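Me: Can you walk me through this fold? I'd like to start with the sheet.

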Amino acid sequence: MASLRHRVLMRFVNLYPPFLGAGIRVTYPEGDPHTIVVRLGLHWWNKNLFGTQFGGSLYAMCDPFFVFIVLRNLGPGYIVWDKAVQIEFLKPGRSRVTGRYHVPPEEIARVKALADAGEKVEPVYVGEIRADDGTLVARVTKTLWVRKKG
């Protein structure tokens, strides 16, 4: 069960100035606490010098979401941080792009069991950003750091 603080954060994340300014829109599929969908339209204010998606905006649209998913599913008794990231820009983004971030329930259970046992937990997740036509625009690899509080 997500904490009240986390639920409030998720409700207002679209108002976070870096997301709002870049045109990033975050949605949560109904009934699926393991997935977050992030969209970024191509507008005059977020194009780079070549008329394509700005790389900083592409990274911003994948920055906190694996942390959000893991923290939401583990609950308030855990600490979850980003530890490392690698992003590969594979094709220019010439249209709206979408990132879909998912951590399966079995993976949440694995991370929880390790953290509960006091082990060092640094799960690695891969997310993709795709254009509306399905073209793979970028791939991000995120390493998290998880531990049980106390």
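**Sheet, helices and core**

Me: Which residue in β6 stands opposite Val80?

Reply: Val146 is the one in β6 that stands opposite Val80. Helices and strands here are DSSP runs, H or I of at least four residues and E of at least two, numbered from the N terminus. This is a predicted model, where local features need pLDDT of at least 70 and side-chain atom pairs 80 or more, while totals for chains, interfaces and linings use all residues. Residues are numbered from 1 along each chain as its sequence is written, and side-chain values use heavy atoms, without hydrogens or water.

Me: Over how many bridges do β3 and β6 pair?

Reply: Eleven, in the antiparallel sense. Two strands pair if DSSP finds at least two bridges between them.

Me: What is the order of the strands in the sheet?

Reply: The order is β1-β2-β4-β5-β6-β3, an open sheet of six strands with antiparallel pairing. Since β1 (24-27) and β3 (78-89) stand at the edges with a single partner strand each, one side of each has no neighbour in the sheet. On average, neighbouring strands are turned by 20 degrees against each other, direction ignored. Axes are lines fitted to C-alpha atoms, for helices over the stretch in contact, and angles run from 0 to 180 degrees between N-to-C directions.

Me: What about β5, which strands pair with it?

Reply: β5 (residues 124-131) and β6 (residues 136-148) pair over seven antiparallel bridges. As for bridge partners, Ile129 has Ala138 in β6, Glu128 has Arg139 in β6, and Thr98 has Arg130 in β5.

Me: How many residues lie between β5 and β6 in the hairpin?

Reply: Four, and Gly134 in the turn has a positive phi of about 95 degrees.

Me: Which residues of β5 are on its covered face?

Reply: Tyr125, Gly127, Ile129 and Ala131. The uncovered face has Val124, Val126, Glu128 and Arg130. In a regular strand, side chains alternate between the two faces of the sheet.

Me: Switching to helices. Which strands does α5 lie across?

Reply: Helix α5 (residues 105-116) lies across β3, β5 and β6, at about 30 degrees to β6. The chain has five helices and six strands, in the pattern α-α-β-β-α-α-β-β-α-β-β along the sequence.

Me: And the core, which residues touch the most other members?

Reply: Ile24, Val70, Tyr101 and Val146, out of 36 residues in the largest nonpolar core. Helix α4 (residues 65-74) gives the largest share, seven residues. Such a core is a set of buried Ala, Val, Leu, Ile, Met, Phe, Trp, Tyr and Cys residues joined through side-chain atoms within 4.5 Å. Buried means under 20% relative accessible area, exposed over 50%, partly exposed in between (1.4 Å probe, protein chains only).

Me: What is Ile24 in contact with?

Reply: Leaving aside neighbours within four places in sequence, Ile24 is in contact (heavy atoms within 4.5 Å) with Asn14, Phe19, Val38, Arg39, Leu40, Ser57, Ala60 and Met61.

Me: Last one, the whole chain. What share of the residues counts as buried?

Reply: 39% of the 150 residues. Of contacts between residues at least 6 apart in sequence, 66% join residues at least 24 apart. The C-alpha trace spans about 50 × 30 × 25 Å along its principal axes.
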